[in-house]
Amino acid sequence: MVMSEDDVWDFVWDELGSAWTRSLAKMPSRLYHYTNSAGFHGIVEFDSLRATNVGFLNDELELQYVSSVVRKTIAATPRQANSRKQQLLDTIQDDLDEALQEAAENLFVISFSTMDDDLSQWRSYAGAEGGFAVGFSTEELRKRLTALRKSKSAPARALLRPVLYGDDAVSSLVNNFLTASMKKFDSSLRGVTVSKSKELIEWWKSALVARLVTFAPFGKHHQFKSENECRIVLTLSKRRPTSGVKFIPKSTVLAAYLEVNGTNECIRRVGAGPGRHRTLNKSSAERFLKSKDLDATFYESDAPYRPMT
């Protein structure tokens, strides 16, 4: 039976989804968002989390990293000159690079860590002193994102997954995905005409590239592994590419972001970061959440750190 375009897309979507799920560690019941006091105040006061556009994150290889792994994986595949499978593989990389460039302005990220008291993240994301780690219920975040997906007015699709780090983890997933896809691609060409095979190649290329774009924000260089990151990635609808996008001035750029509203009900723990006033900060955070009728547990960082200024 000849595959239809829908058949191709369904297979590709399900195949990467299955390979991806098999490669992931189970997410813990709490995920922590490190932020400074102004960020913590904004999260609670406005009942929302900000998703930053990928172009303004601190990893200069955002999206490019997975593209480089795909390139290596394809290069390591034994070449079959003039075969239709080789023709497909050769076109995927160039199309993926172009698709990622186009997708970048429509991808937005909220970062979490599985760790509740990590000194490197206090220093990098929580202002070094006086910051907070806001602990969210993983299950409640999933429910919030499900509601977002079902909302007709939602400007973006959302996905919560752990990040994969390093060539080994990312390459294994990409290789398994491409191997299974190429096997299915070969079988889809049996008994079809030349003109139909050209059509099939185009369908497979489009589906494979589109699926790899959805994975790209979740693959990162091994140097970031200590962050133990999980991410919410929001993808703006192509029909509404500017809907909900806001901007905030940073020290060197004007950064684009989206808001995910209704997140206060997901808060379960709040940690006061290292510094001279951690006990006072813990007490103040507790009073602040009570003023908003929010119930959470509170803790102080054990990190014996103080910035010397």
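Student: Between which two strands is the loop that holds Asn228?

Tutor: This is a predicted model, in which local features need pLDDT of at least 70, side-chain atom pairs count only at pLDDT 80 or more, and totals for chains, interfaces and linings use all residues. Residues are numbered from 1 along each chain as its sequence is written, and side-chain values use heavy atoms, with hydrogens and water left out. Helices (H or I, at least four residues) and strands (E, at least two) are DSSP runs numbered from the N terminus. On that basis, the loop with Asn228 runs between strand 7 (219–220) and strand 8 (229–236).

Student: What is the phi of Asn228?

Tutor: Asn228 is partly exposed at 33% relative accessibility, where buried means under 20% relative accessible area, exposed over 50%, and partly exposed in between (1.4 Å probe, protein chains only). Its phi is positive in a residue other than glycine, with a value near 45°.

Student: Asp293 also has a positive phi; is Asp293 buried or exposed?

Tutor: Asp293 is not a glycine, yet it has a phi of about 60°, and it lies in the loop between helix 9 and strand 12 (297–300). Its relative accessible area is 73%. Because of that value, Asp293 is classed as exposed.

Student: How far apart in space are Lys290 and Leu159?

Tutor: Lys290 belongs to helix 9 (residues 278–291), and with a relative accessible area of 56% it is exposed. Lys290 and Leu159 are 131 residues apart in sequence, and from C-alpha to C-alpha they are separated in space by 30 Å.

Student: How far apart in space are Leu61 and Ser284?

Tutor: Leu61 sits in the loop between strand 2 (48–53) and helix 3 and is partly exposed, its relative accessible area being 32%. The two residues are 223 positions apart in sequence, and the distance between their C-alpha atoms is 38 Å.

Student: How many salt bridges does the structure hold?

Tutor: Side chains of opposite charge can pair when their charged atoms come close. A salt bridge is counted when a side-chain nitrogen of Lys or Arg is within 4 Å of a carboxyl oxygen of Asp or Glu. By this criterion, the number of salt bridges in the structure is 17.

Student: How many residues apart in sequence are the parts that Asp167 and Lys72 tie together?

Tutor: The side chains of Asp167 and Lys72 meet in a salt bridge, at 3.1 Å from N to O. Asp167 is partly exposed at 31%, and Lys72 is partly exposed at 48%. Because Asp167 lies in helix 7 (residues 166–188) and Lys72 in helix 3 (residues 64–76), the pair ties together parts whose separation in sequence is 95 residues.

Student: Which residue forms a salt bridge with Glu229, and which residues are linked with it in a network?

Tutor: Glu229 is buried, with a relative accessible area of 5%. Its partner is Arg231, with the closest N and O atoms 2.7 Å apart, and Arg231 is likewise buried, at 1%. The network of salt bridges that includes this pair links Glu229 and Arg231 with Glu62 and Lys220.

Student: Which strands hold Glu259 and Lys246?

Tutor: Glu259 is partly exposed, with a relative accessible area of 30%, and Lys246 is partly exposed at 37%. Their side chains meet in a salt bridge of 3.1 Å, N to O. The pair, 13 residues apart, links distant parts of the chain, with Glu259 in strand 10 (residues 254–261) and Lys246 in strand 9 (residues 246–249).

Student: Which residues form the negative surface patch?

Tutor: Patches are made of residues with over 30% relative accessible area and no salt bridge, where like charges are joined within 9 Å and nonpolar side chains (Val, Leu, Ile, Met, Phe, Trp, Tyr) within 5 Å. One member, Asp10, has its place in helix 1 (residues 5–23) and counts as partly exposed at 47% relative accessibility. The patch is formed by Glu5, Asp6, Asp7, Asp10 and Asp14.

Student: What percentage of the 309 residues in the chain is buried?

Tutor: The chain has nine helices and 12 strands, and its C-alpha trace spans about 75 × 40 × 35 Å along its principal axes. Of its 309 residues, the buried share is 48%.

Note on methods. Areas by Shrake-Rupley, 256 points an atom, 1.4 Å probe, with all protein chains shown as cover. Lys, Arg positive; Asp, Glu negative; His and termini not counted. Charge placed at Lys NZ, Arg CZ, Asp CG, Glu CD.
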